[in-house]
Amino acid sequence: MALPDVIKEAGLKIKDVDKILDVADHLVGILACAFLSDPPDLDFESDRYAKDTINEILQAQLDKFNALGENKK
């Protein structure tokens with residue numbers, strides 16, 4: 001099922017999808033802030049790990065979003 005059909009079947013409107021994406025962006029921002037170090041305690045290994053973790057989370061969210069409705073065939 002195509003994404004526009006899934007959104008229509010779910011009764012969502014563009015403003016609903018925008019809100020979902022805004023909330024997801026806000027949550028990722030909060031998560032990113034949790035990994036930030038103060039400049040004196042800068043740890044490049046931790047920063048790299050945080051970036052990798054955020055990328056994994058974003059990819060997982062993208063995969064879930066792209067998979068909407070795939071199981072309803």
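Colleague: How much space lies in the largest pocket?
Modeller: This is a predicted model, in which local features need pLDDT of at least 70 and side-chain atom pairs count only at pLDDT 80 or more, while totals for chains, interfaces and linings use all residues. A pocket is an open set of points on a 1 Å grid over the protein atoms alone, where a 1.4 Å probe fits and protein lies on both sides within 12 Å along at least five of seven lines. Points are joined across faces, edges and corners, and the volume is the space filled by probe spheres set on them. For the largest pocket, that space is about 400 Å³.

Colleague: Which residues are the closest to the centre of the largest pocket?
Modeller: Lining residues have an atom within 4 Å of a point. There are 15 of them here, and the closest to the centre are Ile20, Leu21, Ala24, Gln61 and Phe65.

Colleague: Which helix gives the largest share of that lining?
Modeller: Helices (DSSP runs of H or I, at least four residues) and strands (E, at least two) are numbered from the N terminus. The protein has 3 helices and 0 strands, in the order α-α-α. H1 (3-9), H2 (14-35) and H3 (44-66) each supply at least two lining residues. The largest share, 6 residues, comes from H2.

Colleague: How many of the lining residues are nonpolar?
Modeller: Ala, Val, Leu, Ile, Met, Phe, Trp, Tyr, Cys and Pro count as nonpolar, Asp, Glu, Lys and Arg as charged, and the others, Gly among them, as polar. In the lining, 1 residue is polar and 2 are charged, and the nonpolar residues number 12.

Colleague: Is Leu27 buried or exposed?
Modeller: Leu27 sits in helix H2. Buried means under 20% relative accessible area, exposed over 50%, and partly exposed in between (1.4 Å probe, protein chains only). Because its relative accessibility is 53%, Leu27 counts as exposed.

Colleague: What share of the 73 residues do buried residues make up?
Modeller: The protein exposes about 6,100 Å², of which carbon and sulfur atoms supply 60%. Of its 73 residues, the buried share is 11%.

Colleague: How far apart in space are Ala32 and Ala50, C-alpha to C-alpha?
Modeller: Residues are numbered from 1 along each chain as its sequence is written, and side-chain values use heavy atoms, with hydrogens and water left out. Ala32 belongs to helix H2 and is partly exposed, at 24% relative accessible area. Ala32 and Ala50 are 18 residues apart in sequence, and their separation in space is 7.2 Å.

Colleague: What separates the C-alpha atoms of Cys33 and Ala50?
Modeller: Cys33 is also found in helix H2. With a relative accessible area of 52%, Cys33 is exposed. Cys33 and Ala50 are 17 residues apart along the chain, and their C-alpha atoms are separated by 9.6 Å.

Colleague: What separates the C-alpha atoms of Glu70 and Ala2?
Modeller: Glu70 lies in the segment after H3 and is partly exposed, at 45% relative accessibility. Glu70 and Ala2 are 68 residues apart along the chain, with their C-alpha atoms separated by 8.1 Å.

Notes
Accessible areas come from the Shrake-Rupley method with a 1.4 Å probe; for residues, only the protein chains shown count as cover.
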